[in-house]
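Please look over the structure below. A short report on its parts follows it.

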Amino acid sequence: MRESAHKGRGKTDSTERVGKYNMKESSYKSYDELPLFLNAATVAKVLGVSAHPGRCGVKYTPWPKRDPIKNYFQLPNEIFLLGLSPGALAVYSYLLCCENRSTYQCWPSYRTIGRAVRMSANTVRKYVCELEDHQLISTESTTVTTRDGLKRNGSLLYTIRPIQLALDRFYEQQLAQMDTAAERQRVAKALALRSNSAHSA
């Protein structure tokens with residue numbers, strides 16, 4: 001059957017028209033003829049196509065055109081100065097991705113956030129509290145009305161706060177820690193001097 005199917009085709013590199021496309025017949029007739037190692041050129045020869053996508057009519061764009069407003073979100077550089085945990089950084093990034101660019105608000109549920117960042121709802125809740133402690137976000141409780149007319153708790157309403165507020169709080173904490181450390185050193189030095197004077201007396 002195979003021999004009869006190939007009769008009358010002529011050379012192995014002949015071109016057969018299928019529909020509106022020209023299909024080039026491979027020069028290999030059995031698996032035993034295939035080389036041990038394959039590269040792009042060899043695979044193209046086996047398949048009967050060009051090794052260069054542009055030459056066979058296939059357009060490949062490594063960077064597709066994306067809307068800078070819809071397809072991207074901005075993560076402030078200062079976020080990496082605040083000492084956030086990796087989990088809090090992931091949750092914050094997702095909230096920025098979801099926020100309304102005009103109101104700076106969003107309301108994904110803990111489960112929705114968890115599916116996106118691969119965390120449980122309880123873990124997401126913990127990192128939301130961390131973001132609130134850093135004053136990066138604020139949350140408000142919401143309610144939803146069911147078809148039966150019952151009111152139930154809805155998802156939290158997140159508001160992304162200005163990054164400068166979080167930075168100001170962070171720097172104030174750093175200064176307070178430095179003042180506390182300096183005060184401790186001053187007290188320790190005063191106690192050491194008093195102890196030395198007492199021993200000398």
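The report takes confidence first, then the sheet, the helices and a salt bridge.

## Confidence

This is a predicted model. The average pLDDT of the chain is 78. A score of at least 70 is reached by 67% of the residues.

Helix H5 has the highest mean pLDDT, at 96. Helix H1 (residues 2-6) has the lowest, at 45. Over residues 1-14 the pLDDT stays under 50. The model has 16 contacts beyond four places in sequence for residues 1-14. Where pLDDT is low, predicted coordinates should not be read in detail.

S3 and strand S7 (residues 157-160) run antiparallel and are joined by 2 bridges. Gln-105 has Thr-159 in S7 as its bridge partner.

## Helix H3

Helix H3 has 13 residues, which should span 18 Å at 1.5 Å a residue. The C-alpha atoms at its ends are 19 Å apart, in agreement with that figure.

The buried residues of H3 are Gly-87, Ala-88, Val-91, Tyr-92, Ser-93, Leu-95 and Leu-96. They pack against strands S3, S4 and S7. They also pack against H5, H6 and helix H4 (110-117).

Ser-93 is one example from H3. Its relative accessible area is 17%. Buried means under 20%, so Ser-93 counts as buried. Leaving out residues up to four places away in sequence, Ser-93 touches Phe-73 and Leu-75.

## Gly-114 in helix H4

Gly-114 lies in helix H4. With a relative accessible area of 5%, Gly-114 is buried.

Gly-114 and Val-124 are 10 residues apart in sequence. Their C-alpha atoms are 6.2 Å apart in space. Gly-114 touches Val-124, and also Met-119, with residues up to four places away in sequence not counted.

## Helix H6

Helix H6 (residues 163-200) has 38 residues. From its first C-alpha to its last, H6 reaches 56 Å. That is close to the 56 Å expected at 1.5 Å a residue.

The buried residues of H6 are Ile-163, Ala-166, Leu-167 and Phe-170. Helix H3 (86-98) is included in what covers them.

## The salt bridge

How many salt bridges does the count come to? The count comes to 1. Which side chains meet in the salt bridge? They are those of Arg-186 and Glu-183, at 2.6 Å from N to O. That distance falls within the 4 Å cut-off, so the pair counts as a salt bridge.

Arg-186 and Glu-183 are 3 residues apart in helix H6, so about one helical turn separates them. Is Glu-183 partly exposed or buried? Glu-183 counts as partly exposed because its relative accessibility is 37%.

Key: Residues numbered from 1 in each chain as written. Predicted model: local features only at pLDDT ≥ 70, side-chain atom pairs only at ≥ 80, totals over all residues. Heavy atoms only, no water. Helix = DSSP H or I, 4+ residues; strand = E, 2+ residues; numbered from the N terminus. Expected span 1.5 Å × (residues − 1). Buried < 20%, exposed > 50% of the residue type's maximum accessible area, 1.4 Å probe, protein only. Contact = heavy atoms within 4.5 Å. Pairing = 2+ DSSP bridges. pLDDT = per-residue confidence, 0-100.
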